[in-house]
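This report describes a protein chain for a reader who is new to structural analysis. Please keep the sequence and the model in view while reading.

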Amino acid sequence: MADVADHFYEGGGAMPAVGRITAITLTVAAALVLSACGGDSDSEDKAGGRDKSTGADTGTEASKAPGASASPVADRPTVELPSDIVDKYEDWKTGDDVKDAVLADTAGRIDATNDAIVRGDASAPGLPFYYRDKALRGAVEWVQEYQDADLSFTGTTRYFDPKVTVLGSTSAAVVYCADESKGFNKNRKTGKVDRTPSDESPYVLYTTRLERSEKGVWQTAVLTSKRGDETCAG
């Protein structure tokens, strides 16, 4: 599932979508600033639903969130997604300890958001663990939208081309792409999967700002998304 961005958000996913959950419309919170100064702005994308999507398997990364060993201070929530849902992270390692810790917690946020949506639990503990401020409010609303619509999702989402900027000892920014072409809405009550073709692009550009908590967790504070961005579709 996408992390809550398209959602808003994944986050987490954003949660968020190519002909899948187009019945859901959730405006993303403010935009991220990749510098020490600047202001927030409304997201350019609306959550259409959770279209899990994944492009071709390159085999460069495991099909689950990378371990958060680079940020070992706090115990991370254990998230086990159903076998029909895969979050695939490609090139999610840089070799830099700080950047890899940021990416690990970004992946943890995405998985935790998708887990909350699948379970239909807007109060899932993984949300306040990986989110804060505007992004947390957006994530809770995003998950609630799924609950209200009796929707879940199925399929694979490929997360790729991450770019990490460390802005200080407790602040960082991550921009990454998601391919949601292989994700679909699923009715929570009937289990029916909606594979209706969509005219929307399956590619989503996510822009996030993270703040390191006192426990050492890189929490997403701001998250926005833009569907069809040439950066990801090119």
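## Terms and basis

Helices (H or I, at least four residues) and strands (E, at least two) are DSSP runs, numbered from the N terminus. The model is predicted, so local features need pLDDT of at least 70 and side-chain atom pairs count only at pLDDT 80 or more, while totals for chains, interfaces and linings use all residues. Residues are numbered from 1 along each chain as its sequence is written, and side-chain values use heavy atoms, with hydrogens and water left out.

## Helix α1

D105 is found in helix α1, which covers residues 97–119. Buried means under 20% relative accessible area, exposed means over 50%, and partly exposed lies in between (1.4 Å probe, protein chains only). With a relative accessible area of 0%, D105 is therefore buried. Its side chain is joined to that of R76 by a polar contact of 2.8 Å. A polar contact is a pair of N or O atoms within 3.5 Å; within protein, one must be able to donate a hydrogen and the other to accept it, and residues adjacent in sequence count only if both atoms are side-chain atoms.

The helix α1 as a whole is mostly covered, since 19 of its 23 residues are buried. The expected span of a helix is 1.5 Å times one less than its number of residues. For the 23 residues of α1 this gives 33 Å, and the end C-alpha atoms are 33 Å apart, which agrees. At the N-terminal end, α1 is capped by D96, a side-chain oxygen of which lies 3.1 Å from the backbone nitrogen of V98. Just after α1, G120 takes a positive phi of about 65°.

## The disulfide

A disulfide is a covalent bond between the sulfur atoms of two cysteines. The criterion applied here is a pair of cysteine sulfur atoms within 2.5 Å. The structure holds one disulfide, and this bond joins C177 to C232 with an S to S distance of 2.1 Å. The pair links distant parts of the chain: C177 belongs to strand β5 (residues 171–187) and C232 to helix α4 (residues 230–233), 55 residues apart.

The torsion about the S-S bond of C177 and C232 is about -80°, so the disulfide is left-handed. Both C177 and C232 are buried.

## Aromatic rings

A pair of aromatic rings is described by the distance of the centres and the angle of the planes. Rings of Phe, Tyr and Trp (its six-membered ring) pair if their centres lie within 6.5 Å; planes under 30 degrees apart count as stacked, over 60 as edge-to-face and the rest as tilted. By this rule the count comes to seven aromatic pairs. In one of them, the rings of W92 and Y176 have centres 5.7 Å apart and planes at 80°, so the pair is edge-to-face. W92 lies in the loop between β3 (85–89) and α1, whereas Y176 lies in strand β5, 84 residues apart. W92 counts as buried at 1% relative accessibility, and Y176 counts as buried at 0%.

Y159 and Y176 form an aromatic pair that is edge-to-face, with 6.2 Å centre to centre and 65° between the planes. This pair links strand β4 (residues 151–168), which holds Y159, to strand β5, which holds Y176, 17 residues apart. Y159 is buried, with a relative accessible area of 0%. One aromatic cluster is formed by Y89, W92, Y159, Y176 and Y206.

Two strands pair if DSSP finds at least two bridges between them. Strand β7 (residues 203–212) is joined to β8 by nine bridges, and the two strands run antiparallel. V204 stands opposite R227 in β8. Together β7 and β8 form a hairpin with five residues between them, and G216 in the turn has a positive phi of about 90°. Strand β8 (residues 218–227) is mostly covered, with nine of its 10 residues buried.

## An exposed loop residue

Is T190, in contrast to the residues above, buried or exposed? T190 is exposed, with a relative accessible area of 61%. This residue is found in the loop between β5 and β6 (193–194). A polar atom of the T190 side chain lies 3.2 Å from the backbone nitrogen of K192. The C-alpha atoms of T190 and D150 are separated by 9.5 Å, although the two residues are 40 residues apart along the chain.
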